[in-house]
Amino acid sequence: MSLNTKRMIVAALSFLFLAALLVVAYQESQRFRVEEKLDPVVTAANSGCVDCHRKDSPALVMEWEDSRHAKFGVGCVDCHQAAAEDADGWMHEGARVAALVTPLDCARCHAREYEEFSRSHHAKAGLIINSLDNVLAVKVAGMPDNNADAINGCWQCHGSIVKLKRDEQGEVVRTGKEHRPVLDADTWPNSGMGRLNLDGSMGSCHACHSRHTFDAKISRSPENCGKCHMGPDHPQIEVYNESKHGIAFYASRDAMALDKDGEWVLGRDYSAAPTCASCHISAYMTPQGATVANTHDVGERISWTLRPAISKKQNLVVYDDGYKEDYMDSRPLPAVGDSIDTEEKYVESEQLLAKTVRRRVSRIVPWQDRRAAMKGACLNCHNDHYVDNFYEQFDGLVDLYNDKFGIPSTQMMNDLLADGVLDRNAPFEHHVQWVYWELWHHEGRRARHGASMMGPDYTHWHGMYEVSKHYYTEFLPAVIDAAAEKSSAMKQKYERRVAELLTRDEHLWVKGLSPKEAEELRKAYMKRYNQ
Amino acid sequence: MADAKLSPARRLQQLFPFDWSLLRHAGAEPVPYHLKKWWFCLGGTPLYLFLIQVLTGIALTFYYVPSPEEAYASVQAISTDIRFGWFIRSLHKWSSNLMIIAVFLHLLRVFFSGAYREPRQLNWMIGVGLLLTTLSFGFTGYSLIYEQLSFWGATVATNLADAVPLVGPYLAYFMRGGPEIGPQTLTRFFVLHVGVLPTVIFILLGLHILLVRLHGVTELQFEGEKLEERDRFFRFWPEHVTTELMIGVFLMYLLTILALIWPAQLGPPANPAVTPEVIKPEWYFYFNFRLLKLTSLNVSVVLTGVLLLIVIFWPFIEQWLVKRFRMPQSVSVGLGVAGFLGFLVFTVWESLAH
């Protein structure tokens, strides 16, 4: 090989080497692109907004400048733009905008998240509007012309039906030289999870992804969920805080990688503790090393419903168009391929309406699969023996609540309704209705939620202790009192019912032990202590 | 007082009185004709890869933390958070593998071309020393990652050391810094990897190259090849240097491509409480690992030691055999082929086994 040939080869190889180095540099630039702290990008469309609002609401602009949106040039108009048909839109400094950003606006970029979220329990949180909870706020606590309890209370978590303010003729009230439509103060501001929006969409992304930084660390933090998942009727955050999971989280918050951009995977990006998001939403490592993609359908991994008076295991029926329905295990499941009528609630012209839609079943997810999906998160830290035994403990508590209190008290209430003692249209007329309500809706849920997330005090003292005490000392006497108000015959009937009930094994303790039982117990103690 | 009229070159000469013509003389070393064939340049390849190891190794040391609590996390940070960290780590990993291959190939070539024979016996022994040092680099470096496999690889290796007759237990205790692998072990491996072994390899390399220069490169002539006297040698500069440069740039290209396609991976972190189902050392220890599986711990260690001693002292053993038993030199080639094939078969066997 001549010297010249060698030189040519050296030149050619150097060229190839440099080209390979360029590929390395490109890969590196791709890897670090999202993690860099870039300057906010103010596009031409947004520069006007930023200039004015920097003076009018400087903190808001600062927050946005700190967001990932700003780094990628996603600015005011991109989210606040309004179509001609958006009733709350108006022309503002040359652009048609709306104050309220809905999930449909976010879906322009986050289509997958929108799809998942809009099928979730979170998006449907506003459908409680006709429930007993709402009766309590609107009727019991409220007045015909003052709905402030529902507005400031229930709806700030469950969401309002957003409405435009109208005058006596029904015309939309407008204000200022730009004729901005005024939103009804009863319905907005509102960041409730299940907000029913003017454009027909359900939900509020802002409920978890607070504007205007939209920091992932907020939605990953348990406090974020604690805004709504707390209190006497569903104290999830309190239960979490007293659990080993919560203790570990607060002790090692710095090790949780809450700030990480992109995927946040349990078992890969962090290990110190699970937050609410870790178990219910986020990705986790599996024994095979793969990750389960995070889902914005928050109920997917829940196998029990702990919400109603009687808990049931819940299967999931998924239809061709992605629509989903929970089927309690007491309800017969359809077969894949069946066409069935489904009841779908929707919002149109500021009204919550319902329609029947025929849909084809495409998939059935049994409760066992939902539980397995949850266990996948648990298995990142615990072995299967541990996790299986935990679920046995948890199931045991739910069964206990159901069998001893939930089912018998509900049966008793149904009988009172059937006998005309209670009126379905007057849900809080009698004392027994209040006691029953708190028995399952407050105390019974506390017990079940406590067991579901390893909160011992909520399981017992705030939970089962309260349930049992009120069952014996308030509920059963109140049943008889309510019956007595109807007639003396009815009183006698329910006295008999209660007496019969108390002869069941689990209630024998109320009457004390028989001499024979006392002797048996004494023998057992003597044997135990070798006397 | 310095003479103001002195030229800068002369002034430099005054400040650093070195006879620069010596360098020119060194560069003018005549190189035997056969080195025009690139496969005779494999001695330079490990040197070249070693330089890459030094540079990438220094870069990695900036970020690596040699403590059991932080070692794995720091390697993870190098692979994911540090700019170009994955690339430097991949270069270091691939270059170490290629270096071991190159040293093996160089050894084979020297063996089969008989270049270890008198008067170059000592340089052969130094060369084997270099191979052992390189393998020690590979072993200690792999252990520093502190992932599950490297941890258990280190455990097996120190158990092997334990089985060496007489000194074994002391050697194993010294390696581990205690009766079992612990915080001391990682520190020791780190000091060996970035301090002791580099010093050893620098000394051995210096001696190795010095001896090559003092003895001159063995002249080879192939059958049927007739060379004119003026063709027997060619110049070190620029001819041979260009060949080396060619190999060098090719290696850089190859390493970059390997790093791009197969970047260095990271397994689960070391867990002393959980023994993985499959423990495997790096491929260059497959031979020993297979031997260990086929025999017992003690037998495999003694057998490896004996084989190693034969390899180290082969130039003298061969001389003795020829003198004493009139053994033809071709027997050496046969033994070499058998030894190499044995090594290859054991390595492939182990790589296919689970």
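Reply: Let's begin with contact: two residues are in contact if their C-beta atoms, placed from the backbone, lie within 7 Å. Helices (H or I, at least four residues) and strands (E, at least two) are DSSP runs, numbered from the N terminus. By that contact rule, A:Leu397, A:Tyr401, A:Phe405, A:Ser409, A:Met412 and A:Leu416 in α16(A) meet A:Thr459, A:Met464, A:Val467, A:Tyr471, A:Phe475, A:Val479 and A:Ala482 in α18(A). This is a predicted model, where local features need pLDDT of at least 70, side-chain atom pairs count only at pLDDT 80 or more, and totals for chains, interfaces and linings use all residues. Residues are numbered from 1 along each chain as its sequence is written, while chains are lettered from A and ligands numbered from 1 in the order in which they are written.

Me: How is the contact of α16(A) with α18(A) divided into nonpolar, polar and charged residues?

Reply: Ala, Val, Leu, Ile, Met, Phe, Trp, Tyr, Cys and Pro count as nonpolar, Asp, Glu, Lys and Arg as charged, and the others, Gly among them, as polar. On that scheme the contact of α16(A) with α18(A) has eleven nonpolar residues, two polar and no charged.

Me: What makes α16(A) parallel or antiparallel to α18(A)?

Reply: The angle decides. Axes are lines fitted to C-alpha atoms, for helices over the stretch in contact, and angles run from 0 to 180 degrees between N-to-C directions. Helix α16 (residues 384-418) of chain A and helix α18 (residues 456-486) of chain A have axes that come within 12 Å and cross at roughly 20 degrees. Therefore α16(A) is roughly parallel to α18(A), as angles under 35 degrees count as roughly parallel, over 145 as roughly antiparallel, 65 to 115 as roughly perpendicular and the rest as oblique.

Me: Where does chain B touch chain A?

Reply: Here 17 residues of chain B are in contact with 16 residues of chain A. Helix α10 (residues 236-261) of chain B gives the most to this side of chain B, with 13 residues. The side of chain B that touches chain A comprises eleven nonpolar, three polar and three charged residues.

Me: How do you know that β6(A) and β7(A) pair?

Reply: Two strands pair if DSSP finds at least two bridges between them. Five bridges join strand β6 (residues 312-319) of chain A to strand β7 (residues 324-328) of chain A, and the two run antiparallel, so they pair.

Me: Why is B:Leu55 called partly exposed?

Reply: A residue is buried if 20 or more other C-beta atoms lie within 10 Å of its own, exposed if 12 or fewer, and partly exposed in between. B:Leu55 has 14, so B:Leu55 is partly exposed. The residue B:Leu55 belongs to helix α3 (residues 44-61) of chain B.
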